[in-house]
Each structure stands twice: as structure tokens, then as C-alpha cells.
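Dear colleague,

My notes on what was found in it follow.

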Amino acid sequence: MHLQSPAPFPQNRPRRLRRDAFTRRLVRENLVTADDLIYPVFVHEGTKRSEAVASMPGVDRLSLDLLLPVAEDCVKLGIPVLALFPAIDPALKTPDGKEALNPDGLIPRVVRALKKEFPDLGVMTDVALDPYTSHGQDGVLDETGYIINDETVEILTGQALTHAEAGVDIVAPSDMMDGRIGAIREALEVQGHIHTRIMAYSAKYASAFYGPFRDAVGTRGALGKADKNVYQMDPGNSDEALREVAIDIAEGADMVMVKPGMPYLDIVRRVKDEFKVPTFAYQVSGEYAMIKAAAANGWLDHDAVMMESLLAFKRAGADGVLTYFARDVARKLQK
Ligand SMILES: NCc1[nH]cc(CCC(=O)O)c1CC(=O)O
Ligand SMILES: [Mg+2]
């Protein structure tokens with residue numbers, strides 16, 4: 001971009017445009033709308049079961065019957081997409097996470113119910129094994145405890161197909177195995193699921209900001225002191241994110257994601273500038289928890305910080321944001 005050298009003061013007084021709300025509105029470059037939002041929800045088995053997630057105030061694990069009114073609210077608020085995350089019964093967890101392939105498992109049942117009740121609401125599912133494995137890793141392990149790639153990709157492909165067969169609109173592989181986008185895309189094509197969109201978590205970092213999420217899906221205990229450094233990206237890296245995104249686009253991703261969000265806005269900007277593809281960011285559980293905790297202490301203005309954080313994603317180049325604030329934001333925008 002070419003910047004004209006600015007006229008000197010007093011010809012140039014940038015504050016003129018800030019003097020009144022009408023010019024501030026007129027020249028504002030970025031906006032948040034309900035169309036930018038994806039709302040993540042946690043589901044578990046049962047009926048009339050709602051469990052608060054202590055580290056995420058305002059977020060509950062819900063059974064399907066309690067999720068339906070939430071989905072209806074999203075439709076009313078104009079939120080385009082709901083993203084599903086399961087908290088799986090511990091009795092169903094195994095080292096290979098094979099419950100992820102069960103066509104009558106929790107997620108396929110929830111997808112079918114949501115698409116039946118609210119056909120115009122987009123439904124997105126996470127493709128990763130961590131909610132299903134007894135060890136809490138996103139893949140299967142060899143005898144040394146290393147997370148093995150190709151065997152994991154095979155299971156993930158089956159998981160994505162199971163979701164597609166249940167009628168999901170978007171599958172979102174969040175596992176960071178190599179080659180999974182290509183494998184999933186090919187399998188979807190072969191099985192005739194040509195409309196299933198793939199949102200690839202392409203640049204997903206090994207982040208400490210995921211802590212509260214692991215409480216929500218119940219993987220923190222199983223993981224213990226283990227980390228995900230052998231597959232998720234090193235927080236010190238930036239160029240590597242561009243290589244990861246390039247690979248996923250080449251393998252068939254329709255949309256890409258950077259995660260976490262606010263601490264990684266530089267990555268969002270680089271990805272958007274470089275590839276100009278639909279680019280999303282995930283304002284993750286730890287980011288949400290920080291804002292909630294500070295607001296609860298009276299240290300930050302909850303709504304103002306929430307709206308500013310969303311605007312920052314848009315300014316950084318994100319086309320949309322996965323955020324636990326989605327309904328609050330959409331409600332605020334309606335006023
Ligand atoms: N497949 C794992 C997954 N999918 C979404 C999140 C985190 C989301 C959040 O923190 O809000 C994680 C966490 C992890 O890698 O352990
Ligand atoms: Mg990759």
C-alpha cells in the first residue's frame with residue numbers, strides 16, 4: 001500500500017474526523033456483525049442435564065433437549081453457525097478413540113436433530129480424537145507414547161465421514177496431523193459428500209490458553225501433565241503458520257483457522273494477506289476466561305472489552321470468529 005506523505009500540522013488535524021460520532025461512524029474501517037460469528041457449544045448425554053463449566057462463566061455443558069432452544073436463539077440472533085464439542089462419557093473412552101466413529105454416537109445424533117429442527121442453521125463439528133481417547137491426546141499413540149500420524153489420519157477420516165453422513169455442514173479438523181485435510185477431502189468426494197465444507201485448523205498452536213476448554217470437554221484429567229507439543233505448533237513460530245496454511249489449502253480446505261485468537265492476531269493478518277482465503281480465528285476458552293474473570297472483579301467493562309476484542313479480530317483480517325461470546329455479541333448488536 002502506498003501512503004501519501006501527510007500534510008503537516010495544522011493543515012492536517014486527524015482529530016477533525018474524531019470530533020463527532022457521525023464522522024467517526026462514517027470513516028470506521030471495520031465492523032462486527034452477527035454474520036461474523038460462530039458459537040461453540042458443549043454437549044453431553046442425557047435429558048435436562050446442564051452443567052456449568054467453572055472456568056468458563058456463562059458456559060454450560062448441555063444435553064440435546066437443552067441445546068435445541070439455544071440453537072433456536074442463535075437462529076433468532078442471526079448467528080450463522082453453531083460449532084459442536086462433545087463431553088463423552090468416560091466409560092466410552094479408549095486408547096484409539098473409536099467411539100468417534102460410532103454413527104449413533106452423541107455428535108451424529110445431535111447433528112441430525114439440529115439439521116432436522118433448524119435446517120438453515122449451519123452446523124460445524126470438530127474432527128479430533130481428544131474427547132474420545134482415554135489419554136486425552138488428539139491421536140493414537142505408539143508404544144513410546146508418541147502420537148502417530150498416519151494411523152490417526154485414518155481414524156479422523158472415518159470420523160469426518162460419520163459426521164458428513166449425519167448431515168453436518170462443516171467439518172473442522174482441529175487435530176494438526178499432517179495430511180488429514182487431503183485424506184478427508186478425498187473420502188468426502190468418493191462418498192458423494194461434495195457439499196461438506198472443511199474448515200481447517202491450519203495454524204493451531206500448542207497453547208496454555210486451552211485450559212478451560214479441557215475442563216469443559218473433560219480431558220484435563222486424562223492429559224495430566226502431558227502436552228501436545230509434538231503436533232500443535234510452537235508459539236514462537238510465524239512463517240511456519242504460512243506453510244501449514246498453504247498445505248491445507250492445497251489439500252482442499254475451504255476455510256482456514258488460526259488458534260488461539262487475540263495473542264495470535266499477527267498470524268491472522270499474515271495468513272489473510274498471503275492467501276486471501278476465508279480466514280477465521282478462535283477466541284479460545286482461556287481468552288474468554290480472562291475477560292470474564294477481570295470483569296467479575298470489576299477491573300474491566302465486560303461488554304466494552306468483549307466488543308473491542310471482536311473488532312480487533314476483524315481489523316486483523318479475520319472473516320469470522322469462533323467465540324463463546326457469540327450470543328452476547330449478537331444480542332448487543334440487535335440493540
Ligand atoms: N481438539 C482439541 C481442541 N479443540 C478445541 C480446543 C480448544 C478450544 C478452546 O480453548 O476454547 C482444543 C484444545 C486442545 O487442543 O487441547
Ligand atoms: Mg498441517
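Angles between axes under 35 degrees count as roughly parallel, over 145 as roughly antiparallel, 65 to 115 as roughly perpendicular and the rest as oblique. Please bear in mind that this is a predicted model.

In this model, the axes of helix α4 (residues 149-165) and helix α5 (residues 180-190) come within 9 Å and cross at roughly 45°. The two helices α4 and α5 are therefore oblique to each other, and their crossing is right-handed. On the α4 side the contact is formed by Val 153, Leu 156, Thr 157, Ala 160, Leu 161 and Ala 164, and on the α5 side by Arg 180, Ala 183, Ile 184, Ala 187 and Leu 188. Sorted by class, this contact of α4 with α5 comprises 9 nonpolar, 1 polar and 1 charged residues.

An unreviewed UniProt entry places the feature "binding site" at Glu 244. Glu 244 belongs to helix α8 (residues 239-251) and counts as buried, with 22 C-beta neighbours inside 10 Å. Leaving aside residues up to four places away in sequence, Glu 244 touches Ser 202 and Ala 203.

The peptide bond from Phe 9 to Pro 10 is cis, with omega near 10°; Pro 10 is in the segment before α1 (21-27). Lys 259 and Pro 260 are likewise joined by a cis peptide bond, with omega about -5°, and Pro 260 sits in the loop between β10 (255-259) and α9 (265-275).

Lys 48, although not a glycine, has a positive phi of about 50°. This residue, Lys 48, lies in the loop between β1 (37-43) and β2 (50-52) and is exposed, with 8 other C-beta atoms within 10 Å.

Yours sincerely

Key
Residues are numbered from 1 along each chain as its sequence is written. Chains are lettered from A and ligands numbered from 1 in the order in which they are written. This is a predicted model: local features need pLDDT of at least 70, side-chain atom pairs count only at pLDDT 80 or more; totals for chains, interfaces and linings use all residues. Axes are lines fitted to C-alpha atoms, for helices over the stretch in contact, and angles run from 0 to 180 degrees between N-to-C directions. Helices (H or I, at least four residues) and strands (E, at least two) are DSSP runs, numbered from the N terminus. A crossing is left-handed if the near helix is turned anticlockwise from the far one by less than a right angle, and right-handed if clockwise. Two residues are in contact if their C-beta atoms, placed from the backbone, lie within 7 Å. Ala, Val, Leu, Ile, Met, Phe, Trp, Tyr, Cys and Pro count as nonpolar, Asp, Glu, Lys and Arg as charged, and the others, Gly among them, as polar. UniProt positions are given in the numbering used here, feature names are shortened, and annotations may be inferred rather than shown by experiment. A residue is buried if 20 or more other C-beta atoms lie within 10 Å of its own, exposed if 12 or fewer, and partly exposed in between; C-beta atoms are placed from the backbone.
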